[in-house]
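Here is a short report on one chain. It covers helix packing, the nonpolar core and a few individual residues.

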Amino acid sequence: MSEILSKLIESLQAGDYIVVIPMTVVAVLFNYKGIIEFVDSRKTIQIDRLENILKDTYVTELDRELLENERVKEHFKLILGLDVEKDFREAIIKAHKDTKGEFKFRTFQRALPFFEYKEKTLKVTISWYDKVAFFINIFLSFSFIFTGYSLFIYGLAHFSSTYILYIFAFIFISIGFFIIYALRHIISAKKVKKELEKSDIL
């Protein structure tokens, strides 16, 4: 890893960005496990802090109750990806239970940005802006992917040895697939909304 880092620094100092981009991609791909472990370790810091405070005998009962709720919230956030308050969280879990296993809980997790909890009622809200943005992003994603593949095929057909052409092809294709990946939230929200309405839960 240190050798790759040294090479990256040398390339940046020399202004050789054509070397930097593919090397960065390779570095991430071959070290993704370490990156994931680092991110996961950072997630548990807040829980550790809360648990240490709760061990303090000087914490009042009222403060202890508040801190305990925060600790539970952080656990649910870490394990289930639900960064919401207790009532909101329980409403999502109940809605998932009421669908009788029609969807995995991960689908509810992905739909979270479109959930609303008002007057003790869980709602799935997809605005007109969200719907229009969905179709625009579909168009953009396929445009990027098509452009990327076109550049790649053009390079192969003309026996081009210009690395920048293939780098741009890779970037365009990656952006296209990233946009599609980002759409998983609204796709999940649509599925959940339809199922809950069918079950008369909403």
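In which hand does α8 pass α9 at their crossing? The crossing is left-handed. A crossing is left-handed if the near helix is turned anticlockwise from the far one by less than a right angle, and right-handed if clockwise.

This is a predicted model, where local features need pLDDT of at least 70, side-chain atom pairs count only at pLDDT 80 or more, and totals for chains, interfaces and linings use all residues. Residues are numbered from 1 along each chain as its sequence is written, and side-chain values use heavy atoms, with hydrogens and water left out.

**Overall layout**

The chain has 10 helices and 2 strands. Both are DSSP runs numbered from the N terminus: helices are H or I with at least four residues, strands are E with at least two. Along the sequence the pattern reads α-α-α-α-α-α-α-β-β-α-α-α. Of the 202 residues, 25% count as buried. Buried means under 20% relative accessible area, exposed over 50%, and partly exposed in between, with a 1.4 Å probe and protein chains only. Take the contacts between residues at least 6 apart in sequence: 57% of them join residues at least 24 apart. Contact means heavy atoms within 4.5 Å.

**Packing of α8**

Helix α8 spans residues 128-157. Its partners here are α9, residues 163-182, and α10, residues 184-198.

| Pair | Angle | Axis separation |
|---|---|---|
| α8 and α9 | roughly 155° | within 8 Å |
| α8 and α10 | about 125° | 11 Å |

Axes are lines fitted to C-alpha atoms, for helices over the stretch in contact, and angles run from 0 to 180 degrees between N-to-C directions. The axes of α8 and α9 cross at roughly 155°, which makes α8 roughly antiparallel to α9. With α10, the angle is about 125°. The α8 and α10 helices are therefore oblique to each other. Angles under 35 degrees count as roughly parallel, over 145 as roughly antiparallel, 65 to 115 as roughly perpendicular and the rest as oblique.

The crossing of α8 and α10 is also left-handed. Asp130, Lys131 and Phe134 of α8 meet Ile186, Ile187 and Lys190 of α10. By class, this contact has 3 nonpolar, no polar and 3 charged residues. The contact of α8 with α9 has 18 nonpolar, 6 polar and no charged residues. Ala, Val, Leu, Ile, Met, Phe, Trp, Tyr, Cys and Pro count as nonpolar, Asp, Glu, Lys and Arg as charged, and the others, Gly among them, as polar.

Leu183 lies in the loop between α9 and α10. At 6% relative accessible area, Leu183 is buried. Leu183 touches Phe134, Asn137 and Ile138, leaving out residues up to four places away in sequence.

The largest nonpolar core has 21 residues. Such a core is a set of buried Ala, Val, Leu, Ile, Met, Phe, Trp, Tyr and Cys residues joined through side-chain atoms within 4.5 Å. Those with the most contacts inside it are Ile92, Phe108, Phe115, Leu122, Val124 and Val192. Two or more residues come from each of α6 (86-98), α7 (105-110), β2 (121-124) and α10.

Ala91 sits in α6 and is buried at 17% relative accessibility. Ala91 touches Tyr117 and Leu122, not counting residues up to four places away. His96 is also in α6. Beyond its neighbours within four places, His96 contacts Gly101, Phe103, Lys104, Phe105 and Phe108.
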